[in-house]
Amino acid sequence: MKLLAQQRDLQAKIPDIEKCLDIVATLQAKKALGEALTADFELSEGIYSRAKIEDTDSVCLWLGANVMLEYSCDEANALLKKNLENAKASLEVLVADLQFLRDQQTITQVTIARVFNWDVHQRRSKQAIKET
(Lines give C-alpha, C1' and ligand atoms only; values in the text may rest on other atoms or scores of the structure.)
Protein backbone atom coordinates (compact mmCIF):
# COMPACT_ATOMS: atom_id res chain seq x y z
CA MET A 1 0.00 0.00 0.00
CA LYS A 2 2.89 2.31 0.78
CA LEU A 3 4.42 1.74 -2.65
CA LEU A 4 1.08 2.39 -4.35
CA ALA A 5 0.71 5.65 -2.40
CA GLN A 6 4.21 6.69 -3.44
CA GLN A 7 3.37 5.85 -7.05
CA ARG A 8 0.23 8.01 -6.93
CA ASP A 9 2.22 10.88 -5.41
CA LEU A 10 4.91 10.68 -8.08
CA GLN A 11 2.36 10.43 -10.86
CA ALA A 12 0.75 13.62 -9.55
CA LYS A 13 4.09 15.35 -9.01
CA ILE A 14 5.52 14.81 -12.51
CA PRO A 15 2.83 16.83 -14.38
CA ASP A 16 3.20 19.65 -11.83
CA ILE A 17 6.94 19.82 -12.42
CA GLU A 18 6.38 19.79 -16.19
CA LYS A 19 3.88 22.67 -15.85
CA CYS A 20 6.42 24.65 -13.83
CA LEU A 21 9.07 24.03 -16.50
CA ASP A 22 6.66 25.26 -19.18
CA ILE A 23 5.88 28.39 -17.18
CA VAL A 24 9.57 29.20 -16.64
CA ALA A 25 10.23 28.65 -20.37
CA THR A 26 7.29 30.94 -21.22
CA LEU A 27 8.63 33.63 -18.87
CA GLN A 28 12.07 33.40 -20.48
CA ALA A 29 10.58 33.54 -23.99
CA LYS A 30 8.46 36.61 -23.14
CA LYS A 31 11.49 38.27 -21.57
CA ALA A 32 13.55 37.63 -24.72
CA LEU A 33 10.78 39.16 -26.87
CA GLY A 34 10.38 42.08 -24.47
CA GLU A 35 6.69 41.35 -23.97
CA ALA A 36 4.74 41.24 -20.74
CA LEU A 37 3.02 38.03 -19.70
CA THR A 38 -0.60 38.27 -18.59
CA ALA A 39 -1.56 35.58 -16.08
CA ASP A 40 -4.67 34.74 -14.07
CA PHE A 41 -4.00 33.37 -10.61
CA GLU A 42 -6.14 32.22 -7.72
CA LEU A 43 -6.19 34.41 -4.63
CA SER A 44 -8.48 32.11 -2.68
CA GLU A 45 -11.11 29.55 -3.51
CA GLY A 46 -13.14 30.89 -6.41
CA ILE A 47 -11.47 34.34 -6.43
CA TYR A 48 -9.05 35.05 -9.24
CA SER A 49 -6.98 38.05 -10.24
CA ARG A 50 -5.16 39.01 -13.41
CA ALA A 51 -1.53 40.08 -13.29
CA LYS A 52 0.80 41.52 -15.85
CA ILE A 53 4.31 40.15 -15.41
CA GLU A 54 6.86 42.46 -16.91
CA ASP A 55 10.56 41.82 -17.45
CA THR A 56 11.59 39.48 -14.64
CA ASP A 57 14.88 37.80 -13.87
CA SER A 58 13.67 35.49 -11.10
CA VAL A 59 10.85 33.16 -10.10
CA CYS A 60 9.70 31.82 -6.75
CA LEU A 61 9.37 28.08 -6.41
CA TRP A 62 7.25 26.43 -3.74
CA LEU A 63 9.43 23.76 -2.16
CA GLY A 64 6.84 22.52 0.31
CA ALA A 65 6.65 22.61 4.11
CA ASN A 66 5.76 26.32 3.94
CA VAL A 67 9.03 27.12 2.13
CA MET A 68 9.27 29.21 -1.01
CA LEU A 69 12.59 30.31 -2.50
CA GLU A 70 13.45 32.79 -5.19
CA TYR A 71 15.64 31.52 -8.02
CA SER A 72 16.91 33.06 -11.22
CA CYS A 73 15.10 31.67 -14.26
CA ASP A 74 18.13 29.62 -15.29
CA GLU A 75 18.59 28.16 -11.80
CA ALA A 76 14.88 27.39 -11.55
CA ASN A 77 14.95 25.69 -14.95
CA ALA A 78 17.95 23.56 -13.95
CA LEU A 79 16.41 22.66 -10.58
CA LEU A 80 13.08 21.71 -12.11
CA LYS A 81 14.75 19.57 -14.78
CA LYS A 82 16.78 17.78 -12.11
CA ASN A 83 13.63 17.23 -10.00
CA LEU A 84 11.78 15.92 -13.05
CA GLU A 85 14.56 13.46 -13.88
CA ASN A 86 14.68 12.29 -10.25
CA ALA A 87 10.90 11.86 -10.10
CA LYS A 88 10.82 9.86 -13.34
CA ALA A 89 13.71 7.66 -12.17
CA SER A 90 11.98 7.09 -8.82
CA LEU A 91 8.77 6.20 -10.61
CA GLU A 92 10.58 3.64 -12.79
CA VAL A 93 12.15 2.01 -9.72
CA LEU A 94 8.81 2.03 -7.95
CA VAL A 95 7.03 0.39 -10.89
CA ALA A 96 9.74 -2.29 -11.01
CA ASP A 97 9.33 -2.90 -7.26
CA LEU A 98 5.56 -3.17 -7.62
CA GLN A 99 5.94 -5.65 -10.49
CA PHE A 100 8.35 -7.72 -8.38
CA LEU A 101 5.82 -7.78 -5.54
CA ARG A 102 3.04 -8.84 -7.91
CA ASP A 103 5.23 -11.66 -9.23
CA GLN A 104 6.07 -12.76 -5.70
CA GLN A 105 2.41 -12.72 -4.72
CA THR A 106 1.52 -14.89 -7.72
CA ILE A 107 4.35 -17.32 -6.96
CA THR A 108 3.23 -17.54 -3.32
CA GLN A 109 -0.39 -18.21 -4.29
CA VAL A 110 0.64 -20.96 -6.72
CA THR A 111 2.91 -22.52 -4.09
CA ILE A 112 0.13 -22.51 -1.49
CA ALA A 113 -2.22 -24.16 -3.98
CA ARG A 114 0.37 -26.83 -4.77
CA VAL A 115 0.98 -27.57 -1.07
CA PHE A 116 -2.78 -27.79 -0.48
CA ASN A 117 -3.19 -30.17 -3.44
CA TRP A 118 -0.28 -32.29 -2.20
CA ASP A 119 -1.87 -32.46 1.26
CA VAL A 120 -5.22 -33.51 -0.24
CA HIS A 121 -3.44 -36.19 -2.27
CA GLN A 122 -1.62 -37.45 0.84
CA ARG A 123 -4.87 -37.66 2.88
CA ARG A 124 -6.62 -39.51 0.08
CA SER A 125 -3.74 -41.96 -0.18
CA LYS A 126 -3.80 -42.62 3.58
CA GLN A 127 -7.55 -43.04 3.52
CA ALA A 128 -7.31 -45.47 0.58
CA ILE A 129 -4.68 -47.51 2.48
CA LYS A 130 -6.95 -47.64 5.60
CA GLU A 131 -9.90 -48.80 3.55
CA THR A 132 -8.00 -51.67 1.96
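How many bridges join strand β3 to strand β4, and do the two strands run parallel or antiparallel? Six bridges join strand β3, residues 58-64, to strand β4, residues 67-72, and the two run antiparallel. The model described here is a predicted one.

**Overall form and surface**

- The C-alpha trace of the protein chain spans about 100 × 30 × 25 Å along its principal axes.
- Of the 132 residues in the protein chain, 17% count as buried.
- The accessible surface of the protein chain comes to about 10,500 Å², and carbon and sulfur atoms account for 55% of that surface.
- Among contacts between residues at least 6 apart in sequence, 45% join residues at least 24 apart.
- The protein chain carries 17 positive and 20 negative side chains. The centres of these two sets lie 14 Å apart.

**The hairpin of β3 and β4**

- Two residues lie between the strands of the hairpin formed by β3 and β4.
- V59 stands opposite Y71, a residue of β4.
- A65 is placed in the loop between β3 and β4. Its phi is positive, at about 55 degrees, although A65 is not a glycine.
- A65 counts as exposed, because its relative accessibility is 74%, where exposed means over 50%.
- N66 is also found in the loop between β3 and β4. The phi of N66 is near 60 degrees, again a positive value in a residue other than glycine.
- N66 counts as exposed, with a relative accessibility of 71%.
- V67 lies in strand β4 and is partly exposed, its relative accessible area being 33%.
- Residues up to four places away in sequence aside, V67 touches L61 and W62.
- V67 and L98 are 31 residues apart in sequence, and their C-alpha atoms are 32 Å apart in space.

- C73 belongs to helix α2, which covers residues 73-131.
- C73 counts as buried because its relative accessibility is 7%, and the buried class takes in values under 20%.
- When residues up to four places away in sequence are not counted, C73 touches V24, Q28, T56, D57, S58 and V59. One of these, V59, is the residue that stands opposite Y71 in β4.
- C73 and Q28 are 45 residues apart in sequence, while the distance between them is 7.1 Å, C-alpha to C-alpha.

- Q7 lies in helix α1, which covers residues 2-33.
- With a relative accessible area of 16%, Q7 is buried.
- Neighbours within four places in sequence aside, Q7 is in contact with L91, L94, V95 and L98.
- L91, one of those contacts of Q7, lies in helix α2.
- L91 counts as buried, at 17% relative accessibility.
- Seen from L91, the contacts beyond four places in sequence are Q7, L10, Q11 and I14.
- L91 and L33 are 58 residues apart along the chain, and their C-alpha atoms are separated by 37 Å.

**Points to look for in the structure**

- Which residues does Q7 contact beyond its neighbours within four places in sequence? They are L91, L94, V95 and L98, and L91 has Q7 among its own contacts.
- Is C73 buried or exposed? C73 is buried, at 7% relative accessibility.
- Where is A65 placed? A65 is in the loop between β3 and β4, and N66 is found in that loop as well.

Definitions and conventions. Residues are numbered from 1 along each chain as its sequence is written. This is a predicted model: local features need pLDDT of at least 70, side-chain atom pairs count only at pLDDT 80 or more; totals for chains, interfaces and linings use all residues. Side-chain values use heavy atoms; hydrogens and water are left out. Buried means under 20% relative accessible area, exposed over 50%, partly exposed in between (1.4 Å probe, protein chains only). Contact means heavy atoms within 4.5 Å. Accessible areas come from the Shrake-Rupley method with a 1.4 Å probe; for residues, only the protein chains shown count as cover. Lys and Arg count as positive and Asp and Glu as negative; His and the chain ends are not counted. The place of a charge is taken as NZ of Lys, CZ of Arg, CG of Asp or CD of Glu. Helices (H or I, at least four residues) and strands (E, at least two) are DSSP runs, numbered from the N terminus. Two strands pair if DSSP finds at least two bridges between them.
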